[in-house]
Amino acid sequence: MANLSLEALLEELRHQQDWLMVQDLDGVCMPLVLDPLTRVMPAAYIRSAARLQGRFCVLTNGEHAGRRGVNPLVERALAGTANPAIEGLYLPGLAAGGVQWQDRFGQITYPGISTAELATLDTLPAKILKGLREQLTPLLPELSEAEREALYERTILANPLSPTINLNALFSCLTGDVERQQQLQQRSLAVMQTLLAQAEANGQEACFFLHLAPNLGNSGGVEVLKPAAPGNVGTTDVQFMLRGAVKEAGLLALINQHIARGTGTAPLGEAFNARSAPADHAQLLELCQRSIPVEQMPVLVGVGDTITSEPDGEGGWRRGGSDRGFLTLLQELGHPFGRSNRVVLVDSSAGEVDRPSLQDPELKGLSDPEDPLKPDVLVPGGPDAYVAWFEQLATELGA
């Protein structure tokens, strides 16, 4: 499937004047872990990202700020050696799926979000805890109340813009018990579906949606849960997110900002943001073709780790994964603009979370023979190999 090495990609970029790298975070520049609070980001990676200013940005479903955000990782990695807010060492780009913008000095804005929506999100962690106590406690009879409460605290990610149920800690207590893992998934999803229905009943019917990571694609506008299976825990995160907070729309916002920095004019409009973007993949493509002059479109490099593909039982495939949409759109944008856009897929299976591996030559669980997404570069060495290459990229082509 892939036909380029990281070294060959670096050689290509040496000969490009205008290029933009759009990169996911967890599983790409740091291994996947059961508890996000234990993540560690290499200081050298952070400094390399800063050297690529203007050519690098992040696009993540996580968040920049907050106790579980990425900014504390930057601050811990640089503690005693640099002040990221003064030296511009925060990671620029979009978080929360595309609705939380941050510059490299840590200045954060929330394009397109209302105060009423923020107020609803603020109430959710306490409601999620109540729901988990009711739904999950019967599944964990071998644990004491104190043990369960400690697990629930690790399970609820109180992100300001995307409150999340992260099942990794619970799964680790039920290793090999696929049936109960599936029950945890279904009941956790039910908790979030109830909260979504409550928000809709309160007049916010078009404001939020549930993002499942990883997932098996979309059916009727609803993301499909990936059930746990032996050797692959499937969906680990159920995120309560703002409608429009999808990476495909975020990609267009990042391209729009990149062109505006270089030309002084935003081709999609100064106020364009992920929430005002079309929701349909084809419409996003058409908007770019209609609005962006060919000569202004940069060469794009997309980097991610989370794509899925499973047989649908009817001779077809059910495809998903939180990086699939933006990587596919990025690849497709290369054709009408005559650009050699590249997709880099990093192996995140060697972390603490069971995932399909790039070591499998057929990429089972990740791709399939009919998959329209064709990664150009595979990184079987995982985050360590990618970060080493990223540092070389910044050394040679950074400021």
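**Close-up views of a predicted model**

**View 1. The largest nonpolar core, seen around L132.** The largest nonpolar core has 42 residues, and those with the most contacts inside it are I128, L132, I165, M192, F208, F240 and L242. At least two residues of this core come from each of α5 (115–136), α6 (145–155), α7 (168–173), α8, β8 and β11 (237–242), and α8 gives the most, with seven residues. The model shown here and in the other views is a predicted one. In soluble globular proteins, nonpolar side chains tend to be buried together.

**View 2. The largest pocket and the elements around it.** The volume of the largest pocket is about 1000 Å³. Its lining is made up of 39 residues, of which F209, N218, E223, V246 and E248 lie nearest the centre of the pocket. The elements that each supply at least two residues of this lining are the helices α8 (178–201), α9 (247–263), α10 (281–291) and α11 (324–337), together with the strands β8 (208–213), β9 (215–219), β10 (222–225) and β14 (317–320). Sorted by class, the lining of the largest pocket holds 16 nonpolar, 14 polar and nine charged residues.

View 3. Two or more residues of the lining come from each of the strands β7 (164–166) and β11. By class, the lining of the largest cavity divides into nine nonpolar, eleven polar and ten charged residues.

**View 4. The second largest cavity, around D305 and R355.** About 100 Å³ of space lies in the second largest cavity. Of the 14 residues in its lining, D305, I307, R355, P356 and L366 are the closest to the centre of this cavity. The lining of the second largest cavity has six nonpolar residues, four polar residues and four charged residues.

View 5. L59 is placed in strand β2 (residues 56–59), and L59 counts as buried because its relative accessible area is 0%. Not counting residues up to four places away in sequence, L59 touches V22, Q23, D24, L94, K247, G250, L251, L254 and F326. A separation of 20 Å lies between the C-alpha atoms of L59 and S340, two residues that are 281 residues apart along the chain.

View 6. The peptide bond from A213 to P214 is cis, with omega near -20°, and P214 is found in the loop between β8 and β9. A96 is a residue other than glycine with a positive phi, near 55°; A96 lies in the loop between β3 (93–95) and β4 (100–102), and A96 counts as buried because its relative accessibility is 2%. L363, although not a glycine, has a positive phi of about 55°. L363 is found in the loop between β15 (342–346) and β16 (377–379), and, because its relative accessible area is 4%, L363 is buried.

View 7. C288 is accordingly in no disulfide, and the nearest cysteine sulfur, that of C57, is 14 Å away. C288 counts as buried because its relative accessibility is 0%. C207 also counts as buried, because its relative accessibility is 14%, a value to be read against the cut-off of under 20% relative accessible area for a buried residue.

Key:
Residues are numbered from 1 along each chain as its sequence is written. This is a predicted model: local features need pLDDT of at least 70, side-chain atom pairs count only at pLDDT 80 or more; totals for chains, interfaces and linings use all residues. Side-chain values use heavy atoms; hydrogens and water are left out. Buried means under 20% relative accessible area, exposed over 50%, partly exposed in between (1.4 Å probe, protein chains only). A disulfide is a pair of cysteine sulfur atoms within 2.5 Å. On a 1 Å grid over the protein atoms alone, a cavity is a set of points where a 1.4 Å probe fits but cannot get out, and a pocket is an open set with protein on both sides within 12 Å along at least five of seven lines; lining residues have an atom within 4 Å of a point. Grid points are joined across faces, edges and corners, and a volume is the space filled by probe spheres set on the points. Helices (H or I, at least four residues) and strands (E, at least two) are DSSP runs, numbered from the N terminus. Ala, Val, Leu, Ile, Met, Phe, Trp, Tyr, Cys and Pro count as nonpolar, Asp, Glu, Lys and Arg as charged, and the others, Gly among them, as polar. A nonpolar core is a set of buried Ala, Val, Leu, Ile, Met, Phe, Trp, Tyr and Cys residues joined through side-chain atoms within 4.5 Å. Contact means heavy atoms within 4.5 Å.
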